[in-house]
Amino acid sequence: MNATTARGALLAALACVLVGGSFTANSVLGDYPYAGGQFLRYGLACLLLVPLAGKGATGRLRALTPRQWVRLALLAAVGMVGFNLAVIAAERTAEPAVPGVFVGCAPVVVAVVVPLLDGRRPQRAVLYGALLVAVGAFTVQGWGRTDGAGLAFSVCALAGEVGFAVLAVPVLRPLGPRLLSATVCAVAALESSVVGLLADGGAWLRRPDAVEASALLWQAVVVTVVGFVCWYMGMQRIGAERATLFSGLIPVAAACTAPLVDTGSYGLAQAAGSALVGLGVALGSGALTRPGRGGPSAIPATGRTPPAATFRGNGRPEGRGDAVSGMPE
């Protein structure tokens, strides 16, 4: 693993750890209107991200095609608003472990879907690593009580997790991680307000109390602003397939932080599952591959990509490694 892929792996890992640790914040928002909470979270995140978007942000947005704007709307609807709504709906009739297990299968789906969309075969190391990550996530969380509705909404949550990575691939290069994060947060805030007005009417938004405000602030600043930017910067460097492997760290981080607030315990099963997730991530990300033996090699950061490297749909060049140079940061 070269310096570029190592940095991308660390960024993706940090993003997923932040998301996993955010489950504590979610536990205190059970009585707050869903759509209103999403509106405040993504709206505040957008305001914080706009100054970080970089020079030429307006020009890059104007250069987007209608098809790319539709993709951004789907990304926000499926991977952000829809994902959170599906998890909440699933947990009404299923124990939290059930949607967690389905979401833990996202690395396997992405490892297959992204290459197929590119017209190539899945990489064996990534696929095997994804399978280990999925088994590890299941071991950490276990299985719980559910019914048909819980299973259906859990599948929707899986689709949202996959969409958050796959739908972002074609718009990551023209926008860059910061502007992409700001844009999808703005779109998600708008979509949340529409959902709230249609579903809850005038009760869709209320003033949060001190505890709810702290949880929403944590989700907006840490999980969304820091987490989204780190996630897309990591995906920019190592591709959607490898980046999604690190989503296996979400249940691991949740299991590690649960004892701190007396909402769970960390025992032998969680330790074994964490080890499987770590092994799967290491195998699929190339950390176990020796340099010069088929591992990814770095692309010089000269502002443009060497002619031999051809960009593919997963946001990384084919033939000379995983780094994507010349992309806005």
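Visitor: Which residue takes a positive phi just after H7?
Guide: Keep in mind that this is a predicted model. Step off the end of H7, and the backbone shows a positive phi of about 80 degrees. The residue with that angle is Gly119.

Visitor: How far does H7 reach from its first C-alpha to its last?
Guide: H7 covers residues 106–118, which gives it 13 residues. At 1.5 Å a residue, 18 Å is expected, and the model comes close to that. From first C-alpha to last, H7 reaches 18 Å.

Visitor: What covers the buried residues of H7?
Guide: Residues count as buried under 20% relative accessible area. In H7 those are Ala106, Pro107, Val108, Val110, Ala111, Val114, Pro115 and Asp118. Their cover includes helices H6 (97–103), H8 (124–141), H9 (148–166) and H11 (210–245).

Visitor: Is Leu217 buried, exposed or partly exposed?
Guide: Leu217 sits in helix H11. Together with Leu48 and Val221, Leu217 makes a nonpolar surface patch of about 220 Å². Its relative accessible area is 47%, so Leu217 is partly exposed.

Visitor: And Gly59, what does that count as?
Guide: Gly59 belongs to helix H4, residues 57–62. Its relative accessibility is 43%, so Gly59 counts as partly exposed.

Visitor: What separation is there between the C-alpha atoms of Gly59 and Leu175?
Guide: Along the chain, Gly59 and Leu175 are 116 residues apart.

Terms used:
Residues numbered from 1 in each chain as written. Predicted model: local features only at pLDDT ≥ 70, side-chain atom pairs only at ≥ 80, totals over all residues. Heavy atoms only, no water. Helix = DSSP H or I, 4+ residues; strand = E, 2+ residues; numbered from the N terminus. Expected span 1.5 Å × (residues − 1). Buried < 20%, exposed > 50% of the residue type's maximum accessible area, 1.4 Å probe, protein only. Contact = heavy atoms within 4.5 Å. Patch = residues over 30% accessible without salt bridge, like charges linked within 9 Å, V, L, I, M, F, W, Y side chains within 5 Å. Areas by Shrake-Rupley, 256 points an atom, 1.4 Å probe, with all protein chains shown as cover. Salt bridge = Lys/Arg side-chain N within 4 Å of Asp/Glu carboxyl O.
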